[in-house]
Amino acid sequence: MIELKTKREIRLMRRAGLHVYHAHQLIAQAVRPGMTTREANDLVEKYFNAKNVEGMFKGVQLHSRHKPFPAVTCMSVNEEVVHGIPGDRVLQEGDILSVDIGSRVAGWCGDSAVTYAIGVISEEKQKLLDVTKGVLDLAISLLPQKSHWSHIAKEMETYVEDSGFSVVDEFVGHGIGRVMHMEPQVPNYYSRYGDFRIQPGLVIAIEPMVNVGTHKVREGSDGWLQYTADKKPSAHFEHTVAITERGPYVLTAADDAYNNAAFLNY
């Protein structure tokens with residue numbers, strides 16, 4: 001069952017979303033060649049602790065064969081698609097780093113991902129980042145125009161494939177609220193199965209994952225990490241977005257991004 005949020009609940013979710021946004025600003029300013037993914041994660045954990053924010057990912061256990069996730073962020077490098085565990089890996093010039101951050105504040109969640117360039121990256125990787133962020137922005141821009149998610153997902157898939165890349169279909173976005181993953185599932189490719197209506201009160205995490213090569217992924221030995229089957233690069237961008245009577249409210253973006261200025265007195 002899809003849970004629709006009240007105006008008050010969306011305001012509360014904005015608090016969690018802003019903490020995720022500010023955590024990403026710390027990463028954007030600090031990440032560089034020579035830094036380890038653990039050091040990057042520690043910046044976010046220190047910020048969350050100082051603000052009394054719960055890191056939503058730490059301790060999560062999806063399956064009995066998984067150990068609980070040990071960090072407040074997912075850090076995935078180059079061909080790693082998602083769910084990378086921060087550690088001693090040293091970031092190199094030319095890498096790309098996908099950082100997924102989730103928070104819970106006063107019982108409400110926010111979730112956002114950005115893929116960062118480490119120093120100077122190749123033209124192919126830069127195009128990958130541009131296309132992946134571009135398809136997320138496309139989805140957000142289409143929310144006021146479409147009646148059902150499948151209409152948006154179809155345009156997302158076309159956008160990515162016309163750019164020469166592929167959409168990961170093993171992982172999708174999700175509803176979000178008091179828990180990280182709720183109904184509905186939010187695919188980044190066309191599917192009529194489980195389609196849902198775009199309506200006020202809907203809050204979803206839209207998170208396209210785009211690969212240079214094959215859409216297929218493989219699981220790492222730790223049971224968490226997912227990487228591309230052909231070892232070619234992957235990128236991941238995500239925002240938590242509320243649908244309101246005024247249009248989409250991007251809860252994990254700055255006030256001057258998207259149409260968020262319209263919600264300053266929401």
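Me: Starting with the second largest pocket, how does its lining divide by class?
Reply: In this predicted model, the lining of the second largest pocket has 10 nonpolar, 6 polar and 3 charged residues.

Me: Which residues lie nearest the centre of that second largest pocket?
Reply: Tyr21, Gln25, Val114, Lys133 and His239, out of 19 lining residues. The space in the second largest pocket is about 270 Å³.

Me: And which element gives the most to the lining of the second largest pocket?
Reply: S5, with 5 residues. Helix H1 (7–30), strand S5 (108–117) and helix H3 (123–142) each supply at least two.

Me: OK, what about the largest pocket: how much space lies in it?
Reply: About 600 Å³. The largest pocket has 27 lining residues, and Leu62, His83, Phe171, Val172 and His181 lie nearest its centre. Strands S7 (173–175) and S8 are the elements that give two or more residues to that lining. S8 gives the most, with 3.

Me: How does the lining of the largest pocket divide?
Reply: Into 12 nonpolar, 9 polar and 6 charged residues.

Me: Back to His83. What is its phi?
Reply: Near 70°, which is positive, and His83 is not a glycine. His83 sits in the loop between strand S3 (80–82) and strand S4 (96–105).

Me: Is His83 buried or exposed?
Reply: Buried, because its relative accessibility is 19% and the cut-off is under 20%.

Me: Where is the cis peptide bond?
Reply: From Glu183 to Pro184, with omega near 5°. Pro184 lies in strand S8 (residues 182–186).

Notes:
Residues numbered from 1 in each chain as written. Predicted model: local features only at pLDDT ≥ 70, side-chain atom pairs only at ≥ 80, totals over all residues. Heavy atoms only, no water. Helix = DSSP H or I, 4+ residues; strand = E, 2+ residues; numbered from the N terminus. Buried < 20%, exposed > 50% of the residue type's maximum accessible area, 1.4 Å probe, protein only. 1 Å grid on protein atoms, 1.4 Å probe; cavity = no way out; pocket = protein on both sides within 12 Å on 5 of 7 lines; lining within 4 Å. Points joined across faces, edges and corners; volume = space filled by probe spheres on them. Nonpolar A, V, L, I, M, F, W, Y, C, P; charged D, E, K, R; others polar.
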